[in-house]
Amino acid sequence: MSRIASIFRERVYKKLFRNKILNDQFNKGYEEFLKTGKTSQEAYLAMINLYCKSNGKFTDDLHEKTSSAYPKAAKQNEISGVLGSLETKQYASINETLKKDGYVSFDKKLSGDIVKKLYDYALKTPALTAPKYDKKIVYDENKPVSEIYRFDLQDLVNNPEIQDLIMDESLINIARNYLNSEPIFDFPAMWWSTCFLKEASSEAAQLYHFDMDRIKWLKIFIYLNDVTMDNGPHSYIKGSHATGSKPQDLLNRGYVRIPDEELSKEYKKEDFITICAEAGSIFAGDTKCWHKGNPLKKGHRLALEFEYTTSMFGSQYSKFEIKQCSDAFKKFCAENKRYASNFNFSK
Ligand SMILES: [Fe+2]
């Protein structure tokens with residue numbers, strides 16, 4: 001055998017050996033997850049590694065297997081909610097765009113009344129600040145002390161407007177279709193992005209990255225103030241969620257943030273999309289796409305985000321304690337146990 005053939009064979013063996021270790025780590029952790037509902041750090045990191053090595057195929061196959069146990073429920077032709085009244089064929093068309101582009105923007109906006117209530121809540125509720133997120137401070141737009149103010153998820157789940165949105169059937173149906181399975185409500189997030197720092201912040205996810213909290217998920221974003229090129233619009237690279245679509249040499253670096261210049265060499269200019277939109281605008285995204293929030297030049301941005309998934313394997317957090325809610329929310333959660341499985345109700 002020539003020396004080149006021998007080196008090639010050695011590399012193939014090493015790769016197979018590394019993949020076998022990762023697969024074993026994942027399989028052991030996944031079995032444990034099925035028994036306990038808890039994900040080990042080792043198994044979670046193995047999933048991320050296998051996603052990167054297979055350019056997405058690993059988590060695609062896994063989603064197929066895991067989601068088939070929870071098929072989509074049959075629904076009536078028209079489902080209404082904050083996205084308006086949409087028929088099955090309109091949901092199907094939205095889903096086609098999501099599957100192709102990774103993102104879709106909706107025509108309908110959240111009502112001005114709800115936007116105002118959430119905005120007012122954000123102006124008076126203390127939030128966690130970078131880099132330690134260990135104490136809560138009320139955001140003062142005249143004196144920002146952090147590039148990001150993240151609201152405590154435990155506080156958010158007890159907000160009545162957020163509870164209403166968690167129950168919103170139109171948003172749930174978007175997730176149901178994209179995940180091709182009955183979804184679980186994973187978490188809500190809301191945060192101020194500010195111009196405290198004058199450069200891109202990794203803390204505030206202002207460099208391109210992809211998320212990998214779960215096997216598969218969908219995020220819904222709602223802007224709660226007007227967002228222009230000045231105050232940190234969300235950007236993504238169209239189609240970059242798809243299996244095989246990321247440059248393998250970038251994935252080989254692992255779960256890291258990538259400078260814009262490097263991605264500009266890999267994707268067409270027209271696939272770099274920036275979402276500037278008015279307060280109340282709603283869009284959905286599979287954040288396996290390369291995405292980021294742009295650094296702010298002035299002002300601030302308040303965004304609300306929901307994540308829907310089909311399996312809680314992955315990032316670990318405690319269940320949310322619902323301390324106050326409407327009867328409607330309580331009833332909804334009782335009737336949709338799997339969807340609401342991350343909520344505990346205080347007696
Ligand atoms: Fe992200």
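1. Ring pairs join Phe 185, Phe 187, Phe 306, Tyr 308, Tyr 317, Phe 320, Phe 329, Phe 332, Tyr 339, Phe 343 and Phe 345 into a cluster. Here rings of Phe, Tyr and Trp (its six-membered ring) are paired if their centres lie within 6.5 Å, and the planes count as stacked under 30 degrees apart, as edge-to-face over 60 and as tilted for the rest. By this rule there are 29 aromatic pairs.

2. A word on the basis of these points: this is a predicted model, in which local features need pLDDT of at least 70 and side-chain atom pairs count only at pLDDT 80 or more, while totals for chains, interfaces and linings use all residues. Residues are numbered from 1 along each chain as its sequence is written, and side-chain values use heavy atoms, with hydrogens and water left out.

3. How are Phe 329 and Phe 343 arranged as an aromatic pair? The pair is tilted, with 5.7 Å centre to centre and 55° between the planes. It links distant parts of the chain, since Phe 329 belongs to helix H11 (residues 327–335) and Phe 343 to strand S15 (residues 343–345), 14 residues apart; helices (H or I, at least four residues) and strands (E, at least two) are DSSP runs, numbered from the N terminus. Phe 329 counts as buried because its relative accessibility is 0%, and Phe 343 is buried too, with a relative accessible area of 6%; buried means under 20% relative accessible area, exposed over 50%, and partly exposed in between (1.4 Å probe, protein chains only).

4. Leaving aside neighbours within four places in sequence, Ser 67 is in contact (heavy atoms within 4.5 Å) with Ser 181 and Thr 310.

5. Gly 102 lies in the loop between H4 and strand S3 (103–105), and at 0% relative accessibility Gly 102 also counts as buried. Not counting residues up to four places away in sequence, Gly 102 touches Thr 97, His 241, Ala 284, Gly 285, Asp 286 and Cys 289. Gly 102 and Tyr 255, which are 153 residues apart in sequence, are 19 Å apart in space, C-alpha to C-alpha.

6. Two lysines deserve a look beside aromatic rings: the charged end of Lys 246 sits over the ring of Phe 210, 5.0 Å from its centre, and Lys 288 lies over the face of Trp 217, at 5.5 Å from the ring centre. A charge sits over a ring if NZ of Lys or CZ of Arg is within 6 Å of the ring centre and within 35 degrees of the ring normal.
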